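Hi,

Here is the structure I promised to pass on.

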Amino acid sequence: MSGVDQWFLIGMVHAMFVVLAIGGCMTNRWSALIAPLYALAALACLIGMVPALGTLIAADAGTVSRLVLPVGLPDIQSHLRLDGLAALFLVIVNLGGIAAAVYGIGYDAHTSQPARILAPFPLFLAGMNLVPVADDAFTFLIGWELMSVASWLLVLTGHEQADNRRAALVYLTMAAFGALALLMAFGALAGAGGGYTFEAMRRAMPSPTVATLAALALLLGAGSKAGLAPLHVWLPLAHPAAPSHVSALMSGAMTKVALYALMRGLLELTGTPQWWWGGLLAVIGGLTAALGALQSLTQNDTKTLLAYSTIENIGVIAAALGLAIAFRASGQTLQAGLALTAALFHALNHSLFKALLFLGAGAVLHGTGTRALDRLGGLIHRLRWTAPLVLIGCLAISAVPPLNGFASEWLVFQSVLDATGLGHWEMKFAAPVVGALLALAAALAAAGFVRFFGIAFLGRPRDDAAATAREVAPSMLAAMAGLAALCLAFGAWPGVPLASLTRVATALVDPSGVLSGPLLDGRTAWLVVAPHGELTAVYSGLVAALGVAALTGIVVGITSMVSSGRVRRGPAWDCGFPDPSPLTQYTASSLGQPLRRIFGSVVLAARDRVEMPPAGAPEPARFASTLRDPAWHYVFDPLIGLVTRATERLNLLQFLAIRVYLSLMFAALIGLLIIVAVAR
Amino acid sequence: MTALVIFIVQLLAPVALAPLLTGFVRKIKARLLGRRGPPLLQPYRDLARLLRKEPVLAHNASWLFRGAPYGAFGAVWLAMTAIPIFTTSSLNLGLDLIAIAGLLGLARILIALAGMDVGTSFGGIGASREMTIGALAEPAMFVAIIALAIIANSTALPDMSRAMGDGVGLRVSLALALGAIVMIAIAETGRIPVDNPATHLELTMVHEAMVLEYSGRHLAMIELGAMLKLTLYLSLIACIFAPWGIARDAEASVLAAGLGLWLAKLAIGGLALAVFETAIAKMRVFRYPEFLGAALLFGILGVVFLYISQHLK
């Protein structure tokens with residue numbers, strides 16, 4: 001496909017999104033428009049996939065196509081560029097977009113104010129489609145802010161509830177802070193000459209100080225959007241507040257766009273990276289992963305739990321990216337390529353299974369009307385199709401073979417093993433610690449998703465809402481089934497997506513092409529994932545998938561031959577004392593209690609308060625569990641207090657006499673003149 | 001042809017011998033306690049009896065409850081097949097030590113979910129504790145893998161076994177890694193002091209509480225899976241830390257010797273386990289972090305000592 005055709009398609013996609021947004025404004029009056037608008041949004045995403053997939057699959061790594069549009073700031077214009085990295089993130093965004101739009105057909109069929117969702121929804125997709133192709137700071141930030149503002153409007157969909165309004169306020173504040181940090185980063189990189197195109201930044205060799213400042217600003221700006229601790233505080237508030245298919249997009253796609261900014265910035269725009277940026281990012285990533293997984297385990301709201309788990313996975317990706325940067329700074333391009341491939345693959349996989357799980361949580365919400373885990377139970381009998389699909393998502397995110405989550409975590413772990421060979425002692429010691437943190441995060445996530453699936457879908461219904469739940473619309477099931485199928489396929493054949501991802505990674509860490517060997521063995525990539533030659537271990541998703549299936553089949557076959565094959569139904573055994581009340585089951589809080597007590601009592605200051613009445617007293621026993629997020633307690637609450645006090649002081653300036661204002665201005669002028677004089 | 005025979009032996013021998021190992025451990029424990037104990041072949045009879053019996057399912061048991069024992073057994077069996085028990089020249093399955101840990105994680109998740117399916121409090125308590133032990137053991141396991149992978153430069157078990165067999169000398173870090181993996185193995189196979197496979201006292205159960213609702217052929221699969229897991233961990237430790245006699249080429253006599261030595265290693269491991277279990281008391285649930293934290297510490301110390309020895313070289 002020629003470059004012109006690609007840009008024509010991308011332009012068409014954006015035009016469609018604008019038209020769809022205008023159409024979305026009218027859905028309050030004509031609700032019949034909802035289904036066709038969502039269908040067209042899915043079609044637009046599908047068209048958006050075409051140039052992206054074309055760049056990713058057909059062409060080799062170096063293929064880049066550019067376009068300069070004569071709009072935007074004078075002298076700068078708008079520069080667009082489509083390379084492998086941009087194409088990959090376009091695929092992630094649009095895959096999520098298709099699933100979310102198809103799901104929306106059923107999910108929003110009976111919403112009271114559909115325009116609140118349907119007007120910003122296409123703009124959100126447009127923003128996420130613009131950021132990866134932007135090739136100058138101006139266009140990039142336009143796309144970035146479009147994405148932020150549109151998603152902010154979507155978070156406000158349920159603004160009748162005070163919690164959602166607070167979530168939106170926190171989100172908007174953090175988004176503004178993030179954009180400001182990005183602005184600083186681009187400003188520092190553009191330098192006094194004002195080279196705001198990314199091409200100019202790639203050519204310029206910033207001094208180490210400027211590069212470090214820009215890297216830290218990028219880490220703050222993109223990291224806050226992605227949800228790296230301690231800047232993650234908005235994420236578990238805002239992501240669940242939006243409608244479920246938008247939550248899926250925010251967690252699955254928007255956080256990935258933020259990671260795209262981090263990758264583009266740290267690997268391309270800031271010149272040669274320094275090793276400690278990577279070390280810092282790897283440690284932050286490991287801590288974020290463990291903290292997110294632990295907090296996910298303590299939440300009793302289905303969607304909040306999923307939002308914390310997003311933080312965990314962002315931590316995993318950031319850790320792999322950090323290792324890639326450290327390797328690159330040490331000149332080990334082969335290892336850098338493997339670590340970056342791991343980061344990209346986990347980003348792709350997370351966008352699939354997290355979208356699937358959010359859509360599943362939406363199905364539970366749609367079917368039962370509640371997000372409270374402790375009111376659910378037994379949904380495997382009511383949501384017959386949703387349950388196995390969500391189970392696939394839970395297994396994928398728990399990083400067990402043969403699903404795709406394991407394949408990418410396996411690559412991350414191989415990179416951690418590589419990192420023990422780094423030259424710097426700090427990195428050598430950080431490697432096993434980061435590895436242990438990531439392993440802890442994976443195991444906590446497994447516990448968290450046993451808890452999520454076990455409480456919501458298994459057991460007996462704890463509430464009428466769960467007992468009378470209804471299966472969701474076919475379009476919602478179709479969206480979930482598509483994502484689940486991709487999770488299974490990428491788990492069994494990780495070599496297929498990896499063939500493209502390694503090219504993207506290689507182009508990024510090794511633009512001059514001096515790599516000493518291939519990242520993955522090309523001949524057997526269909527069967528096994530084999531990292532570069534220095535590590536000899538391989539992983540075969542296909543053997544894992546077929547092996548488990550075949551051996552399970554053999555066992556089922558043999559047992560059905562030797563045993564009668566019949567079963568008898570009876571009451572539950574429960575050690576001889578089954579209690580008919582479903583309240584005697586383990587709850588979400590009790591299931592997480594051991595891990596909450598072991599890890600949470602220190603990290604989250606988790607406290608369980610139990611009030612038992614004296615023997616014979618009729619009043620009920622009470623239980624309360626309190627937690628606090630260390631980021632709120634140690635960073636944001638003091639910061640908010642500081643800002644509040646400062647604004648109260650400054651408030652005095654509003655009520656002064658005019659002569660005082662005049663003397664203040666005069667003093668400011670004198671002060672500036674003195675500074676100028678001294679600086680000269 | 002030889003490769004096929006080796007593969008079939010790799011596939012079937014552990015499953016066939018796992019009940020014998022469990023019977024052996026039970027027999028030794030009974031003898032140490034001054035009892036005569038059940039016959040060595042008793043586990044086979046128990047399994048045959050369970051297979052014949054009709055399972056009783058709770059009214060609200062779902063498809064997951066019926067399928068989980070088979071799926072979990074399949075995962076453990078595949079993990080077992082990926083461990084070179086008597087030869088490193090077997091079929092390369094493309095499953096390394098991390099994948100083996102992952103497959104065991106899959107089995108654990110399936111059984112924990114099945115434990116919660118009927119909706120009894122015992123199932124919940126078992127699932128909760130089992131996942132807690134997993135969350136504590138996994139970081140320790142991974143750090144131990146790092147220590148071993150630095151020595152062997154690979155996470156694939158045949159490579160590790162060969163590297164250890166070539167003689168890496170007596171190393172402090174190896175001893176530490178061995179300590180870590182033994183502690184993890186004790187926790188993961190549900191042995192004393194972490195869990196007691198013989199207990200039926202409600203509040204001390206972990207694994208037994210999860211599978212309380214099972215009966216008939218489903219219970220047989222779970223029991224056999226637990227026995228296979230014990231064989232798996234003993235074989236894993238033997239293959240890394242006692243790689244003597246593991247055949248490198250496909251010569252019949254060497255293979256037979258390797259097979260015989262594997263049986264001997266299992267017997268020694270089983271003996272050590274029985275003695276250890278008899279000598280020690282089960283610990284409280286909230287002492288697990290200390291136990292597995294020590295395993296993590298051993299792993300990290302192992303890695304650090306490796307760095308130092310590499311630096312001094």
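Strands S4 (residues 607-611) and S5 of chain A pair in the antiparallel sense over five bridges. Pairing here requires at least two DSSP bridges between two strands, and helices (H or I, at least four residues) and strands (E, at least two) are DSSP runs numbered from the N terminus. Within that pair, Val610(A) stands opposite Phe623(A) of S5(A). Buried means 20 or more other C-beta atoms within 10 Å of a residue's own, exposed means 12 or fewer, and partly exposed is in between, with C-beta atoms placed from the backbone.

Before you go further: this is a predicted model, in which local features need pLDDT of at least 70 and side-chain atom pairs count only at pLDDT 80 or more, while totals for chains, interfaces and linings use all residues. Residues are numbered from 1 along each chain as its sequence is written, and chains are lettered from A and ligands numbered from 1 in the order in which they are written.

Now the place where the chains meet. The contact takes 71 residues from chain A and 69 from chain B; two residues are in contact if their C-beta atoms, placed from the backbone, lie within 7 Å. On the chain A side, H18(A) gives the most, with 14 residues. That side of chain A divides into 45 nonpolar, 20 polar and six charged residues. Arg569(A) has Leu57(B) as its bridge partner in S1(B).

Two helix pairs are worth a look. In chain B, the axes of H1 (residues 2-32) and H2 (residues 42-52) come within 7 Å and cross at roughly 125°. Axes are lines fitted to C-alpha atoms, for helices over the stretch in contact, and angles run from 0 to 180 degrees between N-to-C directions. H1(B) and H2(B) are therefore oblique to each other (under 35 degrees is roughly parallel, over 145 roughly antiparallel, 65 to 115 roughly perpendicular, and the rest oblique). Their contact residues come out as four nonpolar, three polar and no charged.

In chain A, H14 (residues 333-368) and H16 (residues 386-397) pack at about 145°, with axes 9 Å apart. Residues of H14(A) in this contact include Phe353(A) and Gly360(A), and those of H16(A) include Leu389(A) and Gly393(A). The contact holds eight nonpolar, three polar and no charged residues.

Most residues other than glycine have a negative phi, and most peptide bonds are trans. Asp574(A) has a positive phi of about 50°, and Cys575(A) has one near 60°. Asp574(A) sits in the loop between S3 and H23 of chain A, and Cys575(A) is in the loop between S3 and H23 of chain A as well. Asp574(A) is partly exposed, with 18 other C-beta atoms within 10 Å; Cys575(A) is partly exposed with 15. The peptide bond from Ala229(A) to Pro230(A) is cis, with omega near 0°, and the one from Ile192(B) to Pro193(B) is cis with omega near 10°.

Cheers

Terms used. Ala, Val, Leu, Ile, Met, Phe, Trp, Tyr, Cys and Pro count as nonpolar, Asp, Glu, Lys and Arg as charged, and the others, Gly among them, as polar.
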